[in-house]
Amino acid sequence: MKLYYSDVLAPRKVCALIKYLKLPLEFAYLQLDKGEHKKPDYLALNPNGKVPTLVDGDKVLWEADAILCYLAKHGGSDLWPGDDRQADIVSWFSWNSQHFIQSGGALYFEFVIKSRFNIGPPDTAAVEKAKKSFRSQAKILNNHLKNRKWLVGEQLSVADFSVAVTLPYAAKAEMPLNEFPEVRRWHDQLSALESWLDPFPQRA
Ligand SMILES: N[C@@H](CCC(=O)N[C@@H](CS)C(=O)NCC(=O)O)C(=O)O
């Protein structure tokens, strides 16, 4: 199996899972600032021109959440459990992609990506709008996490890897995480995993 990735948000959760499960994958790093993800060979695999993409023999898979499920299953783990919890996990994937990642991702873009790729200062209006949405969504997450260790059931799952993906950047991206103690506690649990804090493979 081979993962095409870069050291940015969507591939981060996949790399964290691979490291957590100690899966023997081959990695191909793409330099986004050189447009390597827009070259014809890569677009033939992923017509979106985005990372990550997983290739397993004839199977090509894009969308990080789908890759999480595939790797959790083929890695012999119980992080994508084969029962009704799958519906809860898909519910969190969907909520995240429509809501939480939109606000956390916007703050990540304004504070992390703009400075990394030298594309200007944070846009104050965009930051304020994203912080407002972040607060209303984090409140929902915070209420759900009361009396729950992880997002779904009693155990870590791919939902945790997915929904928390912006939170390692909370301080740098000015996410008001400290206002939400359950979210904070949940993310602290993830941060106790070395694979969560340091997910990307060594590059030659
Ligand atoms: N929904 C996709 C999002 C993938 C995505 O937006 N990847 C970003 C990095 S976080 C990317 O490749 N950006 C480069 C570009 O759009 O040119 C997933 O979860 O895999």
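The residues in the shell around the ligand split into 7 nonpolar, 2 polar and 2 charged. Here Ala, Val, Leu, Ile, Met, Phe, Trp, Tyr, Cys and Pro count as nonpolar, Asp, Glu, Lys and Arg as charged, and the others, Gly among them, as polar. Keep in mind that this is a predicted model: local features need pLDDT of at least 70, side-chain atom pairs count only at pLDDT 80 or more, and totals for chains, interfaces and linings use all residues. Residue numbers start from 1 along each chain, as its sequence is written.

**Around the ligand**
- The residues surrounding the ligand are V8, L9, A10, L32, H37, G49, K50, V51, P52, E63 and A64.
- A residue is near a molecule if its C-beta atom, placed from the backbone, lies within 6 Å of it.

**The whole chain**
- You'll find 8 helices and 4 strands in the chain; these are DSSP runs (H or I, at least four residues, for helices; E, at least two, for strands), numbered from the N terminus.
- Follow the sequence along and the pattern reads β-α-β-α-β-β-α-α-α-α-α-α.
- The chain's radius of gyration is 17 Å, close to the 17 Å that the globule rule gives for 204 residues, so the chain is as compact as a globular protein of that length. That radius is taken over C-alpha atoms, and the rule is 2.2 Å times the number of residues to the power 0.38.
- Along its principal axes, the C-alpha trace spans about 45 × 45 × 30 Å.
- Of the 204 residues, 37% count as buried (20 or more other C-beta atoms within 10 Å of the residue's own; exposed means 12 or fewer, partly exposed is in between, and C-beta atoms are placed from the backbone).
- Take the contacts between residues at least 6 apart in sequence: 69% of them join residues at least 24 apart. A contact means that two C-beta atoms, placed from the backbone, lie within 7 Å.

**Helix α1**
- Helix α1 covers residues 9-21, and its 13 residues reach 19 Å from first C-alpha to last, close to the 18 Å expected at 1.5 Å a residue (the expected span is 1.5 Å times one less than the number of residues).
- Because 11 of its 13 residues are buried, α1 is largely enclosed by the rest of the structure.
- Among those buried residues are L9, A10, R12, K13 and Y20.
- Packing against the buried residues of α1 are β1 (2-5), α3 (64-74), α4, α6 (158-163) and α8 (194-197).

**Helix α5**
- The 22 residues of α5 (residues 124-145) should span 32 Å at 1.5 Å a residue, and the end C-alpha atoms are 31 Å apart, which agrees.
- Its buried residues include A130, F134, Q137, A138 and L141. Seen down the helix axis, the buried residues of α5 fall within an arc of 115 degrees, so they line one face; the arc is that of the directions from the axis to the C-beta atoms.
- An α-helix has 3.6 residues a turn, so residues three or four places apart point the same way.
- On the face turned away from the buried side sit the exposed residues A125, E128, K132, S136 and N143.
- Cover for the buried residues of α5 includes α4 (85-116) and α7 (181-191).
- N147 follows α5 and has a positive phi, near 65 degrees.
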